[in-house]
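Work through the exercises below with the model in view. Try each task before reading its solution.

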Amino acid sequence: MKIVIAGAGSIGCYCGGLLAEVGHEVALLGRARVLDPIRQHGLTVTDYSGQYRHISPKDLTLTEDAVCLQSAEIVIVTVKTGATAEMASLIAQNVADHAPILSWQNGMESSRILRRELPDHDVRAGMVPFNVVPVDPATYHRASSGEVMIQSGPGELSKWLGSELQQIIESNDIEAVQWGKLLINLNNALNALSGLTLREQLLSRQWRRLLADQMVEALTVLKASGIKAASTTPLPVWVTPYILRLPTPVFSRIAARMLTIDPTARTSMAYDFTASRSTEIDSLQGEVIRLGEKVGVSTPICQRVADLIKQGNCEPMNPDQVVRDDPVV
């Protein structure tokens, strides 16, 4: 199939590379700073299990020109939330109405924007559970586990897009899946503030307690809103905060999958925060804060974390500097 990755960054390049590797015609629509190294070196994708794939630049379309969207049979949107409206405008101008639009983005707002701006298209939300980081020029490394999920619909897209390299699962309740991912992604900001690798941070009981506190706030907001969240881990969402608070040796045994990550991995927000780039904090903690205000539920810890990210002080912090009082659960 002719697939356009709309906004090729780390996730887009990694997933696009695997789609090209199994024979799809893939166009990476992105910025020159991302595409120029691929033009020079080709695209390399690796993962924590040792997988290594190199895709020649001749097997990809690498472009900064949205005209590539005109030939798309599927568009996979991977821009950050703040750039979604602009990308939606480009899609509206260039993409045939019959082409599905998949949102493989963090948070809840991106798919809402796409649906609003593209009412005549088959827009489907998705969830990418794993972390991808740039490690060398034109090299993208998947540092954690999980399968991509997309909203169910016509066309058997999961079969067309899935392969032994990258499993795709369809869900009849993608919004619940997205909320489950958002709960886990509340850790992105903590990882940025900590200055630690993900593994180091998750092996710190203090940092896990702070993640648990944020999750309890979010779950309280969701309950008050009548919204359910589906777990993206083997643990039910309501159990996760209790597991996070356990002593580290016990946590490590029970939640081994959460630690199935590359030892050097950090979240994408950590890279953006350190580089003083805009972050997706408003699509994560911000989503919880806004919904909490709507239903009258206070979210002081999520608010404090969001404020610290927006202040942009990149000096590593410890959990006591973030919040000093544990809420009662």
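Buried means under 20% relative accessible area, exposed over 50%, and partly exposed in between (1.4 Å probe, protein chains only). This is a predicted model, where local features need pLDDT of at least 70, side-chain atom pairs count only at pLDDT 80 or more, and totals for chains, interfaces and linings use all residues. Residues are numbered from 1 along each chain as its sequence is written, and side-chain values use heavy atoms, leaving out hydrogens and water.

**Exercise 1.** Decide whether Ser276 is buried or exposed.

Solution. Find Ser276 in the loop between helix 12 (268–274) and helix 13 (285–295). Helices (H or I, at least four residues) and strands (E, at least two) are DSSP runs, numbered from the N terminus. Ser276 has 61% relative accessibility, so Ser276 counts as exposed. Now check the backbone: phi of Ser276 is near 60°, a positive value in a residue other than glycine. Most residues other than glycine have a negative phi.

**Exercise 2.** Give the strand order of the eight-stranded open sheet.

Solution. Read the order as 5-2-1-6-7-8-11-12, with mixed pairing. Two strands pair if DSSP finds at least two bridges between them. Strand 5 (61–63) and strand 12 (168–171) each have a single partner strand, so one side of each lacks a neighbour in the sheet. Strand 1 (residues 2–6) and strand 6 (residues 74–77) pair in the parallel sense over four bridges. There, Ala6 stands opposite Val77.
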